[in-house]
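Here's a quick briefing to read alongside the sequence and the 3D view. Take a look at both, then work through the points below.

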Amino acid sequence: MSAYLNEELQDNTESQTHMEISNNTELQEINNSITPDSTLTTACFDLTRFHNKSRNLNESMNNMKTLLSVPCYLVIYTDNICIDFIKEIRNSFNLDHLTHYIVTNIEDLSNYKYLDTIKSNREKYCPTRDERTSAESHFICCSKFEFVLQTMEKNPFHTTRFGWIDANLNNNFS
């Protein structure tokens, strides 16, 4: 009886191992084929030419790596300075096929005409005057809505849901 039991256990173990391998393979295939019906939008611009206390390019790219590693539909608004670095990082995760890049200068954004007003208001009403921020960084933050609306209009991945995600996630995302 014990020989029969050992043989039965061995058969069950082999069957279970095969099932686990099969399930793992199926899970990988499912994970590779499922992409959410949503497109996220983000932006990253080199603002050091406007404000020397802004994040430098190296810091910006390091803080953006976490986001760039996420397998999601992603539209990235950026400038000529950042684009190659962003593409290189996104490609290193083999996610370029899930990414749409829009290269522009902040001066070309529709609300840039209000930059002087933003500067004036920040002088009058900004009580904390954080040296790391500038009117240009504030302008980019205020442009999130414009970026998402443009993404919705272009809809490069034919999704039905859209959202904004900050590029500067660093390690605060999991």
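Setting aside neighbours within four places in sequence, Thr-151 is in contact (heavy atoms within 4.5 Å) with Thr-39, Thr-41, Val-75, Tyr-77, Pro-156 and Phe-162. Thr-151 sits in helix α6; helices (H or I, at least four residues) and strands (E, at least two) are DSSP runs, numbered from the N terminus. With a relative accessibility of 1%, Thr-151 counts as buried; buried means under 20% relative accessible area, exposed over 50% and partly exposed in between, using a 1.4 Å probe and protein chains only.

This is a predicted model, where local features need pLDDT of at least 70 and side-chain atom pairs count only at pLDDT 80 or more, while totals for chains, interfaces and linings use all residues. Residues are numbered from 1 along each chain as its sequence is written, and side-chain values use heavy atoms, with hydrogens and water left out.

**The sheet**

- Four strands make an open sheet in the order β3-β2-β1-β4, with parallel pairing; two strands pair if DSSP finds at least two bridges between them.
- β3 and β4 stand at the edges with a single partner strand each, so one side of each has no neighbour in the sheet.
- From one strand to the next, the twist averages 20°; axes are lines fitted to C-alpha atoms, for helices over the stretch in contact, and angles run from 0 to 180 degrees between N-to-C directions.
- Strand β1 (residues 38-44) pairs with strand β2 (residues 73-78) in the parallel sense, over six bridges.
- Ala-43 has Tyr-77 as its bridge partner in β2.

**Helices across the sheet**

- Helix α2 (residues 57-68) lies across β1 and β2, at about 175° to β1.

**Aromatic rings**

- You'll find five aromatic pairs in the structure. Rings of Phe, Tyr and Trp (its six-membered ring) pair if their centres lie within 6.5 Å; planes under 30 degrees apart count as stacked, over 60 as edge-to-face and the rest as tilted.
- One of the pairs is Tyr-73 with Phe-157, which is stacked at 4.5 Å centre to centre, with 15° between the planes.
- Tyr-73 is in strand β2 and Phe-157 in the loop between α6 and β4, so this pair ties together parts 84 residues apart in sequence. Both Tyr-73 and Phe-157 are buried.
- Tyr-77 and Phe-147 are stacked as well, because their ring centres are 4.5 Å apart and their planes are at 25°.
- Since Tyr-77 lies in strand β2 and Phe-147 in helix α6, that pair links parts 70 residues apart in sequence.
- Tyr-77 is buried, at 1% relative accessible area, and Phe-147 counts as buried at 0%.
- Phe-45, Tyr-77, Phe-147 and Trp-164 form one aromatic cluster.

**A charge over a ring**

- Lys-87 lies over the face of Tyr-101, 5.2 Å from the ring centre. The rule is NZ of Lys or CZ of Arg within 6 Å of the ring centre and within 35 degrees of the ring normal.

**Positive phi**

- Asn-94 isn't a glycine, yet has a positive phi of about 55°. Asn-94 is in the loop between α3 (83-92) and β3 (99-103) and is exposed, at 60% relative accessible area.
- Asn-155, also not a glycine, has a positive phi near 40°. Asn-155 is in the loop between α6 (144-154) and β4 (161-164), and is buried, with a relative accessible area of 18%.
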